[in-house]
Amino acid sequence: MEADRDAALHAVSAAVLAVTRHLSVHEVFQVIVRAAAQLLDARYAALGVPDDEGSFAEFVVEGVSDEEWNRIGPLPRQHGLLAVMLREDKVQRLADVRRAPAFEGWPTAHPVLRDFIGVPIRDGDDTLGIIFLANKRQPGGFTDDDEERLILFAAHAAIALTNARLYERNRELTVIEERARLARELHDAVAQKLFSLRLTAAAALAAADPRSELERVQTLAKEALAELREVIFELRPAELAGDGLAESLRKHVQVLDRVWGAGRGRRTAVRFEGEEITLPPATEAVVFRIAQEALYNALRHGDPCTVTVRLRPGLLEIRDDGVGFDPSEASRDGLGLASMRERAESVGGVLTISSSSSGTVVRLEVPA
């Protein structure tokens, strides 16, 4: 029993301390779910944070591979037993979840769950989310001791979740302040240059011999352009500064998956594979922008069934199974290929694009 208590305290500590390691909220959720599964020796675990639209803003699972998750389909809705757990402040411990009155079934590809235990994660009167586990590896299902440990764990998970959100909000405020600083620099530096450029151009029009004034115009234009590029290059996407590259791409892909998977004749599945990697800020911004452009091209022009974004150390890959195109065809410059290559070269990267009637692959290699 003492060993079990030590295990519980260790799992709780890992969840709370995850915030101090400057992880994103999504990564903190992953730590919580993994720790809970280990704590109760469960094969499956999940944590869901509800949104205001009947679904979940976050839903993190343990024990289900990416391939299995892709086959399961979209995020679950707030219905059935999940809805009961969100409404009621009590533990749900069941010998067989399939026999629960609120059970409403699951997708065909969903793993079969039997013994089940779930606890609301609460902060005062607010339900922040739910954490549940299924299929205990030891025979006999979840016990009273398991329930006690999970209640303790959920209480501390609420602290970790709340702290992670507060930390993320602080980072967002820092980003806002930084963007305001850059806006001031843009106004002070570039606007003054453009004002001088305008006055010099006016002087050139009035001069009998405008050559010296025009040379001055050319110099000022070059300086203004250089300063403008410098300021713009500092303007990293706000989500990158807050979440990091992998999490920003994951969120962007999730939004596209929802948009392109609903209200259309054929669902287009957009998926992300990868973990957080460390890159210089300028390189992160380039990788993110190229991913955005490639995704836009695939979804708008490729008519794919599936688009997959993969992020690995030093490598970004966007692969689709669409109709393809001819990368050398000049009339397709609307795809922004030249701009993507320029972005890649600006950080020492190499962009390659291969396309055929069976799909397109965009690969960006950057110094890791």
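**View A. Strands S4 and S5 pair in this predicted model.** Strand S4 covers residues 116-123 and strand S5 covers residues 126-136. The two run antiparallel, and eight bridges join them. Within this pairing, Arg 122 stands opposite Thr 127 in S5.

**View B. Helix H2 packs on the sheet.** Helix H2 spans residues 25-40. It touches strand S1 (42-50), along with S2, S4 and S5. The direction of H2 makes about 40° with that of S2.

**View C. Helix H4 also packs on the sheet.** Residues 80-87 form this helix. Its contacts take in S1, S2, S3, S4 and S5. The direction of H4 makes about 135° with that of S5.

**View D. Five strands build an open sheet.** The strand order is S2-S1-S5-S4-S3, and the pairing is antiparallel. Strand S2 (56-62) and strand S3 (92-94) are the edge strands. Each of these pairs on one side only. On average, neighbouring strands of the sheet are turned by 10° against each other, direction ignored.

**View E. Glu 317 sits in strand S8.** Strand S8 runs over residues 315-320. Glu 317 has a relative accessible area of 8%, so it counts as buried, the cut-off being under 20%. Its side chain makes a polar contact of 3.4 Å with the side chain of Arg 319.

Definitions and conventions
Residues are numbered from 1 along each chain as its sequence is written. This is a predicted model: local features need pLDDT of at least 70, side-chain atom pairs count only at pLDDT 80 or more; totals for chains, interfaces and linings use all residues. Side-chain values use heavy atoms; hydrogens and water are left out. Two strands pair if DSSP finds at least two bridges between them. Helices (H or I, at least four residues) and strands (E, at least two) are DSSP runs, numbered from the N terminus. Axes are lines fitted to C-alpha atoms, for helices over the stretch in contact, and angles run from 0 to 180 degrees between N-to-C directions. Contact means heavy atoms within 4.5 Å. Buried means under 20% relative accessible area, exposed over 50%, partly exposed in between (1.4 Å probe, protein chains only). A polar contact is a pair of N or O atoms within 3.5 Å; within protein, one must be able to donate a hydrogen and the other to accept it, and residues adjacent in sequence count only if both atoms are side-chain atoms.
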